Amino acid sequence: MHYLFACCTDAGKRKGPNQDSLLFKEASCKGERVALAAVCDGMGGLWKGELASASMVRAFSGWFERSLPGILSLPSMENALLRSWDRLLADMNERLEACGSRKRSPMGTTATAMLFARGGYYIAHVGDCRAYEIGGQIRQLTKDQTLVQREVENGRLTREEAERDARRNVLLQCVGASGELCPAYERGTVREDAVYVLCCDGFRHHVREPEMLETLAPRVMNGEKAMKRQLAALVALNQKRGEQDNISVLAVRPAVRKGYAGNRDGD
């Protein structure tokens, strides 16, 4: 299995650096193609959010190269994977917290990573970036670790009210500024007729799920140039509608049918 990939990121209308960091890596490992995608969103209200998100992405990248090959060789691969991710995220939480303490200014980042291996996907999630599966319908694969999401679950807000609530950016978890980190993990079967999308919160404030489904449907995401064009269209739509935050999104399309692997740059 190979994977088509595209991404788009923009600093948005807010002054200052783009505090989002993106990652995609693909490699042959133990006789199969594996891939890792990640979106990390540095905390805008904290010190050096761009450094925090970039550090988290580098940690995932190093993990992919050094730790994953050994994990894939184990019979209990899934359990070993989750233990390894637990250690990685706990270590980065301590490192970023220590760095912020030295500078006397907290720093932190959200982190959502998606591994494609052995015909399945595995997600590690902290914060409010999101992962979606888009096929005939759109399905959110992660749950926001935010105050308003907790209010929705407790019946005090509807989902529509939560999207407009002034507290929608209040996080319950982030790497570097959470004393005790509690990542969420998800897994599922990779569908060859689907597109997998990871995005920061700035990408989804002004673009609704039906618009994402129409623009990022597999029938139009049929090559990396086409994927890039469709992602850029939604980023531009966010900007037009007044998004102030950084806007970042990446998409991964499994390429298992004959012809897909050779269509990396096709339209």
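In the predicted model, the largest nonpolar core comprises 35 residues, of which L36, M56, F60, W63, W85, L115 and V175 touch the most other members. Two or more residues are contributed to this core by each of β2 (20-29), β3, α1, α2, α3, β4 and β5. The greatest contribution is that of α3, with 9 residues. The surroundings of F60 illustrate the packing: beyond residues up to four places away in sequence, F60 touches L23, L36, A38, W85, L88, L89, A111 and A113.

Helix α3 spans residues 77-102. The buried residues of α3 are M77, A80, L81, S84, W85, L88, L89, M92, N93, L96, C99 and G100. An α-helix has 3.6 residues a turn, so residues three or four places apart point the same way. The cover over the buried residues of α3 includes the strands β3 (32-41), β4 (111-117), β5 (120-126) and β8 (184-189), together with the helices α1 (49-66) and α2 (68-72). After α3 comes R104, which has a positive phi near 55°.

An open sheet of 5 strands is arranged in the order β1-β10-β9-β6-β7, and its pairing is antiparallel. Strands β1 (2-10) and β7 (138-140) form the edges, each pairing on one side only. From one strand to the next, the twist averages 20°. Within this sheet, β6 (residues 130-134) and β9 (residues 195-199) are joined in the antiparallel sense over 5 bridges, and I134 is placed opposite V195 in β9.

Helix α8 (residues 224-240) lies across β1 and β10 (247-255) and runs at about 25° to β1. The helix contains 17 residues and extends 24 Å from its first C-alpha to its last, close to the 24 Å expected at 1.5 Å a residue. Burial in α8 involves E224, A226, M227, Q230, L231, L234, V235 and N238. These buried residues pack against β1 and β10 as well as against α6 (201-204) and α7 (209-215). A positive phi, near 95°, is found at G242, which follows α8.

Two individual sites were examined further. E209 is situated in helix α7. Apart from neighbours within four places in sequence, E209 is in contact with Y132, I138, Q140 and R159. With R159, the contact includes a polar pair between the two side chains at 2.8 Å. By comparison, A117 is 92 residues from E209 in sequence and 27 Å away in space, C-alpha to C-alpha.

T142 occupies the loop between β7 and α4 (147-153). With a relative accessible area of 6%, T142 falls under the 20% limit and is therefore buried. A polar atom of the T142 side chain lies 3.1 Å from the backbone nitrogen of A131. Leaving aside neighbours within four places in sequence, the contacts of T142 are T112, I123, H125, C129, R130 and A131.

How values were computed. Residues are numbered from 1 along each chain as its sequence is written. This is a predicted model: local features need pLDDT of at least 70, side-chain atom pairs count only at pLDDT 80 or more; totals for chains, interfaces and linings use all residues. Side-chain values use heavy atoms; hydrogens and water are left out. Two strands pair if DSSP finds at least two bridges between them. Helices (H or I, at least four residues) and strands (E, at least two) are DSSP runs, numbered from the N terminus. Axes are lines fitted to C-alpha atoms, for helices over the stretch in contact, and angles run from 0 to 180 degrees between N-to-C directions. Contact means heavy atoms within 4.5 Å. The expected span of a helix is 1.5 Å times one less than its number of residues. Buried means under 20% relative accessible area, exposed over 50%, partly exposed in between (1.4 Å probe, protein chains only). A polar contact is a pair of N or O atoms within 3.5 Å; within protein, one must be able to donate a hydrogen and the other to accept it, and residues adjacent in sequence count only if both atoms are side-chain atoms. A nonpolar core is a set of buried Ala, Val, Leu, Ile, Met, Phe, Trp, Tyr and Cys residues joined through side-chain atoms within 4.5 Å.
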